[in-house]
Amino acid sequence: MVVKICLKVSFILEKYQIKHYFIIMNTNELIGKKIKNLRYEAKLTQNQLADELSIHPKHLSNIENGKKSITISLLDKLCNIFKKPAIFFFDFEEHKIFD
């Protein structure tokens with residue numbers, strides 16, 4: 001997944017002749033950002049969502065900040081809680097490169 005994102009970024013940089021460098025978020029950070037956004041939209045605190053997932057709030061914080069990878073079992077629980085298919089968490093098309 002990271003390779004596809006990097007190839008897409010390389011193409012855009014070349015196309016628009018952009019000469020400066022920037023940091024590309026890794027997959028964990030992108031997934032974490034999606035989880036955090038869903039949690040905000042649902043008006044849940046980290047403690048509330050962590051309780052529903054049966055994990056410690058610090059673990060959820062680490063996932064949301066891209067410091068920890070998400071497990072398949074947690075992904076399944078998140079899909080059920082937020083009524084989203086698993087592919088939703090890996091679809092990075094809406095991630096904006098330029099603000």
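The structure holds one aromatic pair (rings of Phe, Tyr and Trp, the last by its six-membered ring, pair if their centres lie within 6.5 Å; planes under 30 degrees apart count as stacked, over 60 as edge-to-face and the rest as tilted). The partners are Phe88 and Phe89, with ring centres 5.3 Å apart and planes at 90 degrees, so the pair is edge-to-face. This is a predicted model, in which local features need pLDDT of at least 70 and side-chain atom pairs count only at pLDDT 80 or more, while totals for chains, interfaces and linings use all residues. Residues are numbered from 1 along each chain as its sequence is written, and side-chain values use heavy atoms, with hydrogens and water left out.

**Around the aromatic pair**

- Phe89 has 0% relative accessibility and counts as buried, whereas Phe88, at 25%, counts as partly exposed (buried means under 20% relative accessible area, exposed over 50%, partly exposed in between, with a 1.4 Å probe and protein chains only).
- Lys34 lies over the face of Phe88, at 4.2 Å from the ring centre (a charge sits over a ring if NZ of Lys or CZ of Arg is within 6 Å of the ring centre and within 35 degrees of the ring normal).
- Lys84 also has its charged end over the ring of Phe88, 4.8 Å from the centre.

**Helix H2**

- H2 has 15 residues and spans 21 Å from its first C-alpha to its last, close to the 21 Å expected (1.5 Å times one less than its number of residues; helices are DSSP runs of H or I with at least four residues, numbered from the N terminus).
- Asn26 caps the N-terminal end of H2, with a side-chain oxygen 2.9 Å from the backbone nitrogen of Asn28.
- After H2 comes Lys43, which has a positive phi near 55 degrees.
- The buried residues of H2 include Lys34 and Arg39.

**Arg39 and Glu64**

- Arg39 belongs to helix H2 (residues 27-41) and, at 6% relative accessibility, counts as buried.
- Glu64, in helix H4, is buried too, with a relative accessible area of 3%.
- The side chains of Glu64 and Arg39 make a polar contact of 2.6 Å (a pair of N or O atoms within 3.5 Å; within protein, one must be able to donate a hydrogen and the other to accept it, and residues adjacent in sequence count only if both atoms are side-chain atoms).
- Glu64 also has a polar contact of 2.7 Å with Gln46, side chain to side chain.
- Leaving aside neighbours within four places in sequence, Arg39 is in contact with residues including Leu44, Leu60 and Phe82 (contact means heavy atoms within 4.5 Å).

**Helix H5 and the segment after it**

- The buried residues in H5 are Leu74, Leu75, Leu78, Cys79 and Phe82. They cover an arc of only 145 degrees around the axis, which puts them on the same side of H5 (the arc is that of the directions from the helix axis to the C-beta atoms).
- Their cover includes H2, helix H3 (46-53) and helix H4 (57-64).
- Lys83 follows H5 and has a positive phi, near 55 degrees.
- Ala86 lies in the segment after helix H5 (72-82) and, at 35% relative accessibility, counts as partly exposed.
- Not counting residues up to four places away in sequence, Ala86 touches Leu75 and Cys79. The C-alpha atoms of Ala86 and Leu75 are separated by 6.9 Å, although these residues are 11 apart along the chain.

Methods:
Helix = DSSP H or I, 4+ residues; strand = E, 2+ residues; numbered from the N terminus.
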